Amino acid sequence: MDRVTVGSANRGRLQVEVRTEGQSEVVTPAGELDHHTADLLRAPLEDALDQGRVRLVVDCSHLEFCDSTGLNVLLGARLRAEAAGGGVHLAGMLPVVARVFEITGAEAVFTVHDSLAAALAE
């Protein structure tokens, strides 16, 4: 299992780790996902999809903030993954992030799991 981390201290507030576990590409953003940092998450999601990895698991357990731009990155990945026969699974959302999904209704279009282990077991 190879791990790759993208992001930099200069961009500041978001680090993203990517690894493959079985049939899933696990993407773990840590920090704040907003219009300044969204490309740090968009790039590995698009790379995974470009490589045919269509079951994406986003481990949100270290995601401290998500604005509408971040939400749109995840929605875009979901559309691409589903078009290719896969999907985006969200795991371990902290309450502050889960609230954004609840308020916008986005939780209804994602498969949401309490933990990364549960997402990988499905």
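Q: What counts as a polar contact here?
A: A polar contact is a pair of N or O atoms within 3.5 Å; inside protein, one atom must be able to donate a hydrogen and the other to accept it, and residues adjacent in sequence count only if both atoms are side-chain atoms. In this model, a polar atom of the Asp34 side chain lies 2.9 Å from the backbone nitrogen of His36, so the distance falls within 3.5 Å.

Q: What kind of model is this, and what rules apply to it?
A: It is a predicted model, in which local features need pLDDT of at least 70 and side-chain atom pairs count only at pLDDT 80 or more, while totals for chains, interfaces and linings use all residues. Residues are numbered from 1 along each chain as its sequence is written, and side-chain values use heavy atoms, leaving out hydrogens and water.

Q: How do you know how confident the predictor is?
A: Its confidence in each residue is the pLDDT, on a scale from 0 to 100. For this protein the mean pLDDT is 92, with 90% of residues reaching 70 or more. Residues 7-11 have a pLDDT below 50, and this stretch has nine contacts in the model beyond near neighbours in sequence. Where pLDDT is low, the predicted coordinates should not be read in detail.

Q: What makes up the fold, read along the sequence?
A: The order is β-β-β-α-β-β-α-β-α-β-α, with four helices and seven strands in the protein. Both are DSSP runs numbered from the N terminus: helices (H or I) have at least four residues and strands (E) at least two.

Q: Why is Asp34 called buried?
A: Buried means under 20% relative accessible area, exposed means over 50%, and partly exposed is in between (1.4 Å probe, protein chains only). Asp34 has 7%, so it counts as buried. It sits in the loop between strand E3 (24-33) and helix H1 (38-50). Contact means heavy atoms within 4.5 Å, and Asp34 touches Arg13, Phe65, Asp67 and Thr69, not counting residues up to four places away in sequence.

Q: How do you know whether Val26 is buried or exposed?
A: Its relative accessible area is 0%, so Val26 is buried. Val26 belongs to strand E3, and its contacts outside four places in sequence include Glu17, Val57, Asp59 and Leu120.

Q: Why is Thr20 called partly exposed?
A: Its relative accessibility is 33%, so Thr20 falls in the partly exposed class. Thr20 is in strand E2 (residues 14-21), and its side chain makes a polar contact with that of Glu25, at 2.7 Å.

Q: What makes Phe101 and Phe110 an aromatic pair?
A: Rings of Phe, Tyr and Trp (its six-membered ring) pair if their centres lie within 6.5 Å; planes under 30 degrees apart count as stacked, over 60 as edge-to-face and the rest as tilted. By this rule the count is one aromatic pair. Phe101 and Phe110 are 5.8 Å apart centre to centre, with 75° between the planes, which is edge-to-face. Both Phe101 and Phe110 are buried.
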